Amino acid sequence: MVPSDSTVRVRFAPSPTGFFHIGSARTALFNWLYARHCGGTFLLRIEDTDRQRDTEEYLQVLLDGLRWLGLDWDEGPTVGGPHGPYFQSQRGEIYAAYLQKLRDSGRVYDKDGAVWFRVSGEPALIDDRIRGRVQRLEEKDFVIVRSDGSPVFHFVIVVDDIAMAVSHVIRGEDHLSNSSKHVELFRAFDRPPPLYAHIPLILKTNGPGKMSKRDSGALIEEYQRRHYLPEAVRNYLCLLGWSPKNDREILPIEEIIALFDLPAVNRNNARFDEKKLAHMNGEYVRALPAEEFYGRALPLLREAGLLAGAPTEDYVRSVLALCQEKLRGLEELPHFCAYFFREDFSMDENGRKKIFAAGDPAVRVREFLAALGQWNGEWTENSLEQLLRAFAEERGRKTSDYVHPLRYAVSGQTVGPGFYGMLTILGRERVLDRLSRFPCH
RNA sequence: GCCCUCAUCGUCUAACGGUUAGGACACCGGAUUCUCAUUCCGGCAAUCGGGGUUCGAUUCCCCGUGGGGGUGCCA
């Protein structure tokens with residue numbers, strides 16, 4: 001049973017930079033998981049303090065990415081809430097009021113046109129649900145309002161977290177050292193600091209340092225564009241720094257929500273592994289219920305121009321049903337099944353070499369074509385299989401001596417779905433036609 | 001430099017102080033009398049080093065070493 005704790009309030013506070021980094025996405029995910037696990041509130045707050053940028057357009061990338069991953073927020077842009085506005089650029093008056101509190105208590109001073117915060121000289125205690133109690137002395141005073149009047153990150157997040165009643169701050173470990181500044185500010189406002197949870201960082205697959213936006217696989221947009229299943233990406237991200245134990249990896253999000261908790265989050269950084277993500281995506285694709293697979297696949301076929309010949313829905317469905325179990329990802333579907341929809345399909349070059357290396361395929365194709373032309377049997381998977389087996393046996397050959405050249409002649413590929421199912425769906429006319437044209441195509 | 005933090009196969013991870021240190025990805029090999037990119041089976045492969053504590057340490061403590069982060073009028 002999921003405990004319900006309405007006092008838990010967590011937030012994801014991204015800056016709209018024009019891309020959605022995988023590390024940010026994982027931070028958003030862990031916040032969301034914790035909120036859902038506790039029955040708490042997940043808020044989205046936009047740190048759009050940099051006014052030079054085109055916030056509106058950049059914001060959309062972020063919101064699209066969050067929605068795509070299924071991370072819905074309870075308060076924030078487009079949904080509103082009682083603690084708005086949820087854009088930092090619109091919270092100037094609140095920052096001014098909080099700054100005045102610090103002036104009144106003598107914790108700030110002006111220097112070089114900027115406002116400086118005076119540190120206490122006491123080590124700050126960071127109460128971290130993942131790392132335990134971390135102590136750090138903030139030694140130097142720091143700027144909280146720049147000389148151009150704009151408030152600094154450290155100041156605004158503390159003000160916003162107070163004003164929005166945030167109970168748990170779940171963020172990347174790169175902020176752990178900054179937390180001493182934040183705890184100092186909370187104390188200066190005479191407020192108890194929130195509970196922290198500094199989650200491990202996602203490191204580059206190879207080489208030093210954390211994932212940067214330039215690394216392959218670093219951006220959520222990329223997975224959207226490549227038709228990854230969002231459930232798969234989300235599931236993979238859950239496994240970077242957390243484990244459901246019991247040797248399980250793929251599990252429904254409801255179950256992850258039930259199992260997820262902060263103390264169970266790992267403390268060590270994790271390297272990103274694009275291959276494992278791709279593998280997991282394949283597992284999700286192959287496990288999709290037929291109806292859902294059809295719904296997800298159709299747009300890809302359309303995009304690739306494969307539906308230009310207006311195939312019937314039944315035909316498309318049978319092609320998809322045949323191909324699904326072989327796919328490693330939706331992305332490869334159009335190429336994988338193109339020959340079902342067009343006559344000018346490509347002949348794989350490596351496949352050609354492979355086939356010809358085993359003997360002249362045209363001979364086998366002609367032999368079988370002759371037999372097939374006179375054959376009056378039922379055009380079904382079973383009877384086609386019986387036909388070919390008997391045919392090969394009569395000639396003292398292995399079935400595979402014929403299957404390989406025939407598959408290549410009919411599909412241009414050496415790999416693909418089950419051979420007899422493929423013939424069945426293509427139909428008598430097209431199979432005869434393609435065989436008779438081989439190797440010219 | 002200083003501060004914080006972390007440490008199990010190449011990678012992601014599991015293991016009340018007692019296990020032949022488990023699973024997954026990747027890689028390698030085999031099977032699926034049609035392919036393989038699906039599926040199945042098998043293999044390779046790890047407790048960073050040194051001290052303690054303990055009958056017993058991957059697990060607790062200390063010191064090294066190595067990694068990561070911070071140290072901005074960036075967020």
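The model is predicted: local features need pLDDT of at least 70, side-chain atom pairs count only at pLDDT 80 or more, and totals for chains, interfaces and linings use all residues. Residues are numbered from 1 along each chain as its sequence is written, chains are lettered from A in the order in which they are written, and side-chain values use heavy atoms, without hydrogens and water.

I begin with the RNA. Around RNA strand B there are 62 residues, of which Arg 146, Glu 249, Lys 326, Thr 414 and Val 415 come nearest; a residue is near if one of its heavy atoms lies within 4 Å of the strand. Of the RNA atoms within 4 Å of the protein, 71% belong to sugar or phosphate, and the rest to bases.

A backbone N or O atom of Asp 112 lies 3.1 Å from a base nitrogen of RNA strand B, and a polar backbone atom of Phe 419 is 3.2 Å from a base nitrogen.

Asp 112 leads us to the hairpin. It is formed by β3 and β4, with two residues between them, and Asp 112 in the turn has a positive phi of about 55 degrees. Strands here are DSSP E runs of at least two residues, numbered from the N terminus. β3 (residues 108-111) and β4 pair in the antiparallel sense over four bridges, pairing requiring at least two DSSP bridges. Within β4, Trp 116 is the bridge partner of Tyr 109, and Trp 116 also stands opposite Val 143 in β7.

Terms used. A polar contact is a pair of N or O atoms within 3.5 Å; within protein, one must be able to donate a hydrogen and the other to accept it, and residues adjacent in sequence count only if both atoms are side-chain atoms.
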